Structure formats: C-alpha cells, structure tokens
Amino acid sequence: MPRTVYLNGEYLPESEAKVSIFDRGFLFADAIYEVTAVVDGKLLDNDGHVARLARSCGELEMKNPLTAEELVHIQKELVRLNDVKEGGIYLQVTRGSSGDRDFAYPENTEPTVVLFSQSRAVVDSPKAKKGIKVISTPDIRWRRRDIKTTSLLAACMAKQAAIAAGCDDVWLIEDGYVTEGGSSNAYIITQDNVIVTRPLSNDILHGITRASLLKVAKQENLVIEERLFTIEEAYAAKEAFISSASTFVWPVVAIDDKPIGSGSPGPIAMQIRETYIEFALAQAV
Ligand code: PMP
C-alpha cells in the first residue's frame, strides 16, 4: 500500500509528493527534522519533539511554519490515514526555495514542510531483546549538534563503517570522550550501578527520550551522573545502552568487540526500557 504523506498543506500519495530541485533542504541540508514514536496508534513524548522543532527553527532563524496544534493534527491524520499501529512519524522543515542556489538565507521564502509515517515494530524489536554491538569512531560532525539538522552525512558514514565491521551502530568519540551514538544518546552503568551520560551542550543532541528517561530513572531511585566518560570507562562498564525515539532503549552488549558486562543485555537497561515505555505510553496522545 503506498503511503499517504503530507507536503505543504496537502495529503498526497507518496509518489505524487514532489519538492523543487532548488529547495535548500536538497541543496544545503538547510533543514531540520523530528521523529516521534507511535505505539498503539498514539504519539509518544510528542510535546518534547514539537518544542525542540521550534528551538531548532529559532537557532537557524527559520520560520516555524505550523503551530503545535496544527502539527499534532497532521501527525495524527497521518497515523489515521496510514493505519499506523506502531512505528513513527518523520517530520522535516526546510527553509524552502528562492528559485536558485545562494548560500545566504533568502528573504521571504516559504518553508517546505514534509511529514510521513513509518510502520515497524518498536516495542517488540529484536534489537531491544538481543542488544546491539557498536564500534567507536571519531566524531567528525559539526559543532552545533544540538540543532536537529538533516545534515547527517557524517552519521551515515559512521553507521556504514559499523555495518562493514559487522556491527549495528557507532559510539562517537571526541578528545577521548564518548559524545553520543550515531543517532542516539549514549549511557554506561558503572560497576556500582551509577548511570553515566554526557551532560547537555552543543556537542550532543538534546534527546527527548533522554530527558524522559532521566526523569523515569530518578523516580526509580537510580543514581545518575551527567558527566563525560571515556571509551575505556565504557569498556569496563557493567552495562551500556542507547536511547532515541526510534529505539527507546537498546542495550549495548559489545563495544569494539569487547563484551560489556556479561555480553548480554543488562538488567538495569532492560528495566529502564520497560519503565520508560510504560511512562511514555501513559502520557501518549
Ligand atoms: N543523538 C542523535 C545524534 C540523534 O540523531 C538522536 C535521534 N535522532 C538522538 C540523539 C536521540 O534523540 P531523541 O531521543 O530525541 O530521538
């Protein structure tokens, strides 16, 4: 079944949704995006995604084309029209097109707004049960990783290197410290059960799942330290995991071919996954 997608005010069959070759999203990756998880046909943690979209727009002096209410309406329409039970809604806003190629921001362009749905298992995903293997690789991305831009080629290169190495994903390293995963936030659990994750700054994306997960972990009386950690500290960790809207929580069972803890998904990561999903579902819209 071809999907129904949203483009600039219209719901269209996916093959009919077309964007200009002069669109700055295409020419410069002058575009931002969000991914909201869908479970039981409902949007998870969506307030956070809508708020981060507005922030990204602000950082790039880009017009935020839709109100929160309008956005949520479109997201829900796509869930309905495509009968999405589980998966996600992808949303992208570009600065639009001035009809030519020019680096400086053009005045008065209308943003291009695209949303589409993706149906797939997120709660019962095999990787959540088995865990993932990651390789570490230098973080070669730009210095504004807090902006959720579609400029993702560095992440594509890194993830491709992971696949070539027979692994699932990457942990990115800068000055010896882990920044984040290829498309996720990164965490370790120390031998004395402290959850460690990098503090928020322009070096990482401010994960919406990360924010909820830390709230949930505090409620569960887990000890959290937001600080830098090295890849060596990660090798020696009791457990490791990642978080994102697409994965929720996936245990990391090996880093650079070194098993983490027992080499199978750790109990604390699995507990955080369960608790996060319960928490997010209870507030889903
Ligand atoms: N870091 C990066 C680099 C990401 O691409 C993502 C997911 N898009 C995340 C972290 C996790 O963010 P969220 O929990 O909001 O999906």
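**Close-up views of a predicted model**

The structure holds 23 salt bridges, a salt bridge being a side-chain nitrogen of Lys or Arg within 4 Å of a carboxyl oxygen of Asp or Glu. This is a predicted model, in which local features need pLDDT of at least 70 and side-chain atom pairs count only at pLDDT 80 or more, while totals for chains, interfaces and linings use all residues. Residues are numbered from 1 along each chain as its sequence is written, and side-chain values use heavy atoms, with hydrogens and water left out.

**View A. The salt bridge of D30 and R24.** The side chains of D30 and R24 meet at 2.6 Å, N to O. D30 is buried, with a relative accessible area of 8%, and R24 is likewise buried at 5% (buried means under 20% relative accessible area, exposed over 50%, and partly exposed in between, with a 1.4 Å probe and protein chains only).

**View B. The salt bridge of D146 and R55.** These two side chains meet at 2.9 Å, N to O. The pair links distant parts of the chain, with D146 in the loop between β7 (132-138) and α5 (153-164) and R55 in helix α2, 91 residues apart; helices (H or I, at least four residues) and strands (E, at least two) are DSSP runs, numbered from the N terminus. D146 is buried, with a relative accessible area of 1%, whereas R55 is partly exposed at 33%.

**View C. The salt bridge of R210 and E226.** The side chains of R210 and E226 meet at 2.7 Å, N to O. The pair joins helix α6 (residues 208-219), which holds R210, to strand β12 (residues 223-226), which holds E226, the two residues being 16 apart. R210 is buried, with a relative accessible area of 3%, while E226 is partly exposed at 40%.

**View D. The open sheet of 6 strands.** The strands follow the order β2-β1-β6-β5-β3-β4 with antiparallel pairing, where two strands pair if DSSP finds at least two bridges between them. β2 and β4 (42-43) stand at the edges with a single partner strand each, so one side of each is left without a neighbour in the sheet. β5 pairs with β3 over 8 bridges, and E34 has L91 in β5 as its bridge partner. β5 also pairs with β6 over 8 bridges, and here the bridge partner of Q92 is V114 in β6. Because 8 of the 8 residues of β5 are buried, β5 is largely enclosed by the rest of the structure.
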